[in-house]
Amino acid sequence: SASPAPAAKPPASANSTATAAASSISSPRVRPRTRAEVARHSTREDLWLVIEGKVYDFSEYVEAHPGADAILNDAGGDATEGFKGDQHPVNVWAMIPEFYVGDLQD
């Protein structure tokens with residue numbers, strides 16, 4: 001059985017794990033995304049967020065978010081700073097790959 005990851009794993013390392021997992025997802029939904037496209041998904045019912053250059057569709061997760069409406073703070077935009085806040089446990093990086101829909105194109 002694999003040993004659990006250390007609790008104090010720095011976010012940069014945790015993110016590379018999430019990035020690797022997200023990159024391995026093959027789905028027709030996964031493709032490059034533009035900022036304009038992300039901006040069109042800015043409601044409680046249709047929520048996309050950018051986290052470190054990766055785009056995630058959290059529409060199905062909004063109601064389950066433990067921080068309530070805080071997930072809407074950066075709706076349709078870059079949520080990197082808020083996502084990296086102290087309120088999130090390190091293991092949050094392992095939770096997001098299932099919501100990945102593509103890399104942000106600049």
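Predicted model: local features only at pLDDT ≥ 70, side-chain atom pairs only at ≥ 80, totals over all residues.
For the protein chain, the mean pLDDT is 81, with 75% of residues at 70 or more.

Strand β2 covers residues 48–51, and its four side chains are buried. W48 and V50 point one way from the strand, whereas L49 and I51 point the other way. In a regular strand the side chains alternate between the two faces of the sheet.

Strand β2 pairs with strand β3 in the antiparallel sense, through four bridges. Within this pairing, V50 stands opposite V55 of β3. The two strands form a hairpin with two residues between them, and E52 in the turn has a positive phi of about 50°.

The elements named with residue ranges are as follows.

| Element | Residues |
|---|---|
| Strand β2 | 48–51 |
| Strand β3 | 54–57 |
| α4 | 92–95 |

The largest nonpolar core holds 15 residues, of which I51, Y56, F58, I71 and I96 touch the most other members. Both β2 and α4 supply at least two residues each to this core. A second, separate core has six residues, among them V38, W48, V50 and V101.

Which residues does I71 contact, leaving aside its neighbours within four places in sequence? I71 is in contact with L47, L49 and F58, as well as with Y61, V62 and H65.

Technical notes: Residues numbered from 1 in each chain as written. Heavy atoms only, no water. pLDDT = per-residue confidence, 0-100. Buried < 20%, exposed > 50% of the residue type's maximum accessible area, 1.4 Å probe, protein only. Pairing = 2+ DSSP bridges. Core = buried A, V, L, I, M, F, W, Y, C linked by side-chain atoms within 4.5 Å. Contact = heavy atoms within 4.5 Å.
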